[in-house]
Amino acid sequence: MNLLLLLIVPLITALTILLCRNSLQVKWTAFAGSVVQLVLALVLLFVYRAEVVAGNAAQLFFEQDITLIESLNMHFHIGVDGISISMLLLTAMVVVAGVLFSWNTNKMTKEFYFLLILLALGAYGFFISFNLLVLFFFLEISIIPKYLLIGIWGSGNKEYSANKLVLMLMMGSALIMVGILGMYYIGGHDVDLMHLSNISIPAHLQKILFPLFFIGFGVFTAFFPFHTWVPDGHSSAPTAGSMFLAGISMKLGGYGCLRVAIFLLPEGAKEYGQVIVILSSIAILYGAFVTMMQKDLKYLNAYSSVSHVGFSLLALGMLTQTAITGALMQMISHGLMTALFFAVIGMIYDRTHTRMVNELGGLMKVMPFITTVLFIVGLCSLGLPGLSGFVAEMTVFVGSWQNDDVFHRVATIAAAMSIVVTAVYILRAVGQVAMGPLKNEAYAHLTDAKWNEKLAAIILLAGILSIGLVPGWLNDLLTPGAEIIMNRITGK
Amino acid sequence: MNEFFLLMKSELMVTAIIFLLLFIKVGKGMQNERLLPLIQLLLLLNVIFGFFFNQEGNAFGDMFHSTPMIVFEKNILNVGVYLISMLFSDWFKKTAHLAEYFLLMLSALLGMFFMLSSANMLMFYLALELASIPVAAMANFNLTQKQSSEAAMKMILSAAFSSGILLFGISLIYGVTGTINFEELSNYTTLSPLYTMAFIFLFSAFAFKLSVVPFHFWTADVYEGAPIATTSFLSVISKAAVAFILITVLYKVFQPLQNIWYVLVLLLAFITIVIGNLFAMRQQNMKRFLAYSSIAQVGFILVGISGSNTTGISSVVYFLLVYVFSNLAAFGVVSVISEQVNKESISDYKGLYQTNPLLTWVLALSLFSLAGVPPTAGFFGKFFLLTAGGAKASYAFMIVVVLNMVISLYYYLKVVRAMFIDQNETPIAAIQISAPVKLALIICSAGILLIGLFGWIFDFIQSLN
Amino acid sequence: MMEPGLYHILFISTALFFIGMYGFFTRRNLITMLMSIELILNSVNLNFIAFNKYVWAGKMDGLFFTLFIIAIAAAEAAVGIAIIINLYRSHQSIDVASAEELKY
Amino acid sequence: MPNTINIILVLLLPFISFLLLGLLGKKYFSRTAGIVGTLLLLIATVLAMHTAYEYYFVYGKIEGLYHSFVPLQFQWLKFTHSVSIDMGLIIDSISVMMLVVVTFISLMVHIYSLGYMKGDPRFSTYYAFLGLFTFSMLGLVLAANIFQMYIFWELVGVSSFLLIGYYYEKPSAVAASKKAFIVTRFADFGFLIGILVLSYYGDTLNFATLIERLTAPESNEFKLAVSSTFLGMSALTWGALLVFMGGAGKSAMFPLHIWLPDAMEGPTPVSALIHAATMVVAGVYLVARLFPVFALSTPVVLEGIGWVGAVSAVIAAIIACTQTDIKRVLAYSTMSQIGFMMFAMGVSNYGGEEGLGYTASLFHLFTHALFKALLFLGAGSVIHFVHSNEMSNMGGLRKLMPITHLTFLLACLAIAGMPPLAGFFSKEEILLAAYQHNKIVFGIALLTSGLTAFYMFRLYFSIFWNKPYEGHSAHHGEGGWTMMLPLLLLAAGAVFAGFIPFGSYVSSDGLILPTAFHVTFSIAPVLIGLAGIFIAMVFYKKSTTHPNKIAATINGVYQAAYHKFYVDELYLFITKKILFNLIGKPFAWLDKTVIDGIVNQTATVTQSIAEGIKKMQSGKVQSYAIYFLMGVIALAVLFIYIW
């Protein structure tokens, strides 16, 4: 299967959108494009499975290597392994859902969907590219659309949030850029990931480069204490924007942390592993407690994202294979879950025009579907078995427990403690919003979800459940990649 | 004989056009409406011709020499001038002395060509003056505006001052080495304090022309006061020319002093980027804003130069190629707006997207390109500069430089935000864009978008040296 | 009476250079500033001549350079004065302090 | 060999009913949901009975030893090469016994609810939730893998959350459901860590292997687990302790019991199902499941379990004497009875005669399920009749609802341990075990059983005797046969279950445990019980002022007991004051001001620097030239002299 399709489809979609006449055409084009992309991703998954079953033990599948710049030895090197496929699936699902959820956008529709698709394009490119320059290129492509999405279609203190978000992300990518330049000269004028993963980088350089990469990508994935863009950005963004931010762009960071920082610089990872563990277990508890104090649903979900993403970073810091698998699972699960959560918040906001927990109540009566989804998402985020959150978190815990020293154990326990706090804030929020007597008689005649919202919610729920009920497939998908990374860490 | 002509073809072309214009001028003259298209046509021919019959070699007793790279650089300048002639048609149409203006501009261009080809201090000095004095006159071209003449005054005085410094340096060099020929100078390897001092005098003159901090102060004032056509000519064409020749001077002539000038360049690059950004942050006038931002850009060029390898050369050339398109596009939009509704302040741009989507997109693109955000070519330009610089510079330095990219993004976004996000009940009315301007803007945007994606362009430049 | 040597001349030229600088920094009148620049250029001329005569007698580059400098200086002065005249038209003064509205 | 299909069906039928009613209920089963659910569960019950019969009488016992079978096991999630979650079904004496209990009680509740919940707007949803709960409970019982058990453990928690919060428009119900979920969640956190510890050292998650490895003193896993210590306790001890924490949470053991009384906000049948018969004994079941580990490897923890049980038993009994909400009384009595089971476990040993406590505990679990469910359903009828939970609104109901009265009386006698009812046998065995093992616990137990008799009859008399009933008289009798039938069936159970020779089916080591019956020993408890009943009769048969007098005389104790010894207040203090005000608020502040502040400061600082240096651009061309010269000189100096 030709991976370029994954880039061409969004590109064509975006350009077609620019040619569309009215907003309806735009919406359908975007929808069609994203669905095609989702289908592609699924096809990719099955082709990959077929290959694996056929006994193809290659590290990368469907590789392509197009020379961009001879003299600087820059290659457009793309390929996929299980990890990137899972990420692509996540992205495709979130994109479809996002397109559907923003169906009733009527302000500058064309630009809106154009930017959405552009953002998606960046993500797709990022996940399949195995050359640092290309990777970085796609990473940065997806930044400016975020700025405009928040700035133009956002709400609340949007200019501030947009500025903060884009500047912090740019700060991160600046560090990454320096790291790439360093790699360029260390790797003998070649920044191909596979090439770099085969050379041995001197330890003292790894100690310099690792923080650059890890913090750089960490900023994208709300690595404590570089997380402050998350609450503001998410809360100001339009629904689809928040979904993309939480569901896709935070994953870019996590993926980068693993694929670039840890994979290429294992020595550095060992050096700073403990720091990461400390910071992220702080982030988990701290995020949970801060979440507990939030009144605004979007802020609540944003902070809980900080806490949840903390799990995957913690797992990355643990440097055991199970933990790494768990980290990836957590990323995917969190992506689906948070995207859906933001979607639900968006739906509620569209109807009640408030996101304040204490102004909502008893919505179960008027919008059963939405509140049910809200329930499921809430349960997923507090890690209920049968939903993706549980699988991911448990894998993380078991994986973290594998290294048997008190330090890591304590960190794990601290992290695990958050499942209680999570239960507290989720139940408070959900209970307040859905249960109890109807808060405001004006809500009495509100409508339940429309077809597009239902469809989108179902797509995401399908993802959540398919991971939660039969986690095996995801596990098989992620394990080989994690194993390769692990081998590089253990130096096998 | 033939190859002698071909060797100097660019210069001869420009000279020919100059004479043509002179004849037209001294003849019965011509209406701007008819003259301008003619000029644009001639310049277009000039651009096209520039790409054929390239010849390399020396002339005038090694005072003049030409290589493929130099020819390419000249072509970049040609393109730039052609774009200028298109972009500012509105203003050209209105101005009283169109022919003179182009006479001045083209003679400045001629000076730059000779400067690029010069292989001798004397030649270089003459070319430099030829390239700078007419610009001072061009800066004064809004004859009735106070600001314009103030700008011109500042320009000519500081230029003269800097050439005084330059000459003093050259004289000392002559005193130390007894030669003013680049070739011989590059073989002179014995370092002496006097020689170093001479070099620094010389270098600071370059820094002045490149508007490197702390020799940059004239820039902003002149840019703001001068007509936009002049400003863009200054900030794009002459800057590019000086950068090109600076590379030759540093890499070839002062090869022996490399250890010194490396540190010098790095130091100035650092100061320039930081100060340039800090000044650009609070600008409200678009022209002034672009002036300072271009100062910061120069800092990045210096980073590329500090690489002191072939990548350094080609990355700078590549960046300037991109820079021509990006910056000219920006100035083009600014001039269109200030010509039509005569507003130049960022706050006037609020809600521009509602009324003028095309202009807004072009301006946004160019700003992103200047900020170095993908997928624009500026991203690659910056990236290559840093790649070149990274060959020797330390991580700390690189981090500082790259973080400054973030600051620069901040103020570029200020404009973007004003145009796209900010609400404004009375935005600038929809503007009628004349055909040549539109064409030029489209060319620029295409350049911004495509140059980056065509990797072979960089390879081509690389292959030139 | 002794023949003045290279260093005397260099001393003079350097002095001239800095006098020119000083003039440029302190004078309020644009014309005077232009003249002080001429001083600078002339100091350079002196340098060239001196070097040519005392150090590199064989190489005439210095001499030629001087000639060209004189020529260019004239051109520069011409443009400069033109601009100053224009400035006078608009500002009704050739005081440098009168043209300071472009700042910050 | 066990019939796998049957067992799978037993597990899945309730789940099917959940899916069916949950997804399509609103549309298609709004009326018939109850019937559908009940029928499905009926099948499940029959199958469960059949399985039990086959296990106990056909294949289970091989030369006198009850084996445990794992008819089905498949890998669900692989953590490492050795540690993985293998979903499986375990069939052994206790799981089969639990199968019967759960399905039977659940069936009773299903039937009862047909009448009790008639006309409820969310009828189908209610049955869907019941189905979900039954499924989770059965899954918990059948779990062959400790992590699988944890999974269903959580599911049980959430379905109980849903059922308690069934009346979601009542704020008190919402609060109660949240409280229940969060408190048990906190316990589960311990459970989880315990699992991590045990699974790490046992290097497996399957019960069989885990127990085998962690009880064999010569196995490497055991050595490692014992040798590696943390805070002075061996990893194994920690593991066992934390696992028990989970059990204590679900079984509402002191001090994690606070959720149980509030949980009575749910519909009464739900309380009967979840908070009397099934879910709350999950903790006991967990201990029983891992009993070899507790008994052989960590006797310390087992000792602790015993004490926790005893304390809970007596405290709950004391509190129960003071409550006036009949369901709360029952809730506390449940807690107290589970305390009995727990300390029975605690005073037991592994194998042979020493294992009496184990058998007794599970026996009591069995009987208690029957009569406690009966009590709750009876109370349900009463509430259904009176429309109130308060004793003060009741009295003199014996004429109005005879069947309820009769069955309720039987249940009270049973729980009070009066011969020859079920409670008598099981409790007597427990006391015997306690007597043999630990005299203090025995004393406590004796006292508690006295108290039990007292408060149960306090309840009984004040409902059915005391003052004549002055509510509007019987408008709809005792509800239809659907509500009577379960009462009668359960009553039958409460009467006859005691005669089952339990020891010959369930014992710690799988061998038959002959349960002798000592008349001499059981005199004391019976007498104490009678005493309790008598006191209750004196106080509450007629409405007298004695109780208030007594209460006044021992006011302090009474108040303390009435306010449940202020445990709730303590928790409230911890959560509200400490978690929210001392941790949450400061963190939120920290995030807004410090961390976010730093980010914003960087921006403002740069801005101010920019403002600061703008004076350099003075507009004076001469000053520019001066800067120029300065620059040149500075560079010259730098590079000539310093560099």
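Guide: D62(B) sits in the loop between β1 (57–59) and β2 (64–66) of chain B. Strands here are DSSP runs of E with at least two residues, helices are runs of H or I with at least four, and both are numbered from the N terminus. This is a predicted model, in which local features need pLDDT of at least 70, side-chain atom pairs count only at pLDDT 80 or more, and totals for chains, interfaces and linings use all residues. Residues are numbered from 1 along each chain as its sequence is written, while chains are lettered from A and ligands numbered from 1 in the order in which they are written.

Look at the backbone of that loop. Phi of D62(B) is near 60 degrees, a positive value in a residue that is not glycine. Most residues other than glycine have a negative phi, and most peptide bonds are trans. D62(B) counts as partly exposed because it has 14 C-beta neighbours inside 10 Å. The cut-offs are these: 20 or more other C-beta atoms within 10 Å is buried, 12 or fewer is exposed, and in between is partly exposed, with C-beta atoms placed from the backbone.

H189(A) also has a positive phi without being glycine, near 55 degrees. It lies in the loop between α7 and α8 (193–198) of chain A. H189(A) is partly exposed, with 14 other C-beta atoms within 10 Å.

Now the cis peptide bonds. In chain B, one joins P374(B) and P375(B), with omega about 0 degrees. P375(B) is in the loop between α17 (357–371) and α18 (377–390) of chain B. In chain D, the bond from F254(D) to P255(D) is cis, with omega near 5 degrees. P255(D) belongs to the loop between α9 (235–250) and α10 (259–262) of chain D.

Next, the partners of chain B. Chain C puts in 34 residues and chain B 31. On the side of chain C, α1, α2 (30–55) and α3 (61–91) each give two or more residues. The largest share, 17 residues, is from α3(C). That side of chain C divides into 24 nonpolar, 6 polar and 4 charged residues. Nonpolar means Ala, Val, Leu, Ile, Met, Phe, Trp, Tyr, Cys and Pro; charged means Asp, Glu, Lys and Arg; the others, Gly among them, are polar.

Chain A meets chain B too. Here 29 residues come from chain A and 26 from chain B. α7(A) gives the most to the side of chain A, with 14 residues. That side holds 22 nonpolar, 4 polar and 3 charged residues. No contact joins chain A and chain C; their closest C-alpha atoms lie 25 Å apart.

Finally, chain B against chain D. Helix α10 (residues 193–210) of chain B packs with helix α25 (residues 621–642) of chain D at an angle of about 145 degrees, and the axes are 9 Å apart. Axes are lines fitted to C-alpha atoms, for helices over the stretch in contact, and angles run from 0 to 180 degrees between N-to-C directions. Among the residues of α10(B) that meet α25(D) are P193(B), M197(B) and F201(B); those on the α25(D) side include F628(D), G631(D) and L635(D). This contact has 11 nonpolar residues, 3 polar and no charged.

Stay with α25(D). V621(D), Y624(D), A625(D), F628(D), G631(D), V632(D), L635(D) and F639(D) are buried there.

As for chain D itself, it has 25 helices and 6 strands. Buried residues make up 58% of its 643 residues.

Terms used: Two residues are in contact if their C-beta atoms, placed from the backbone, lie within 7 Å.
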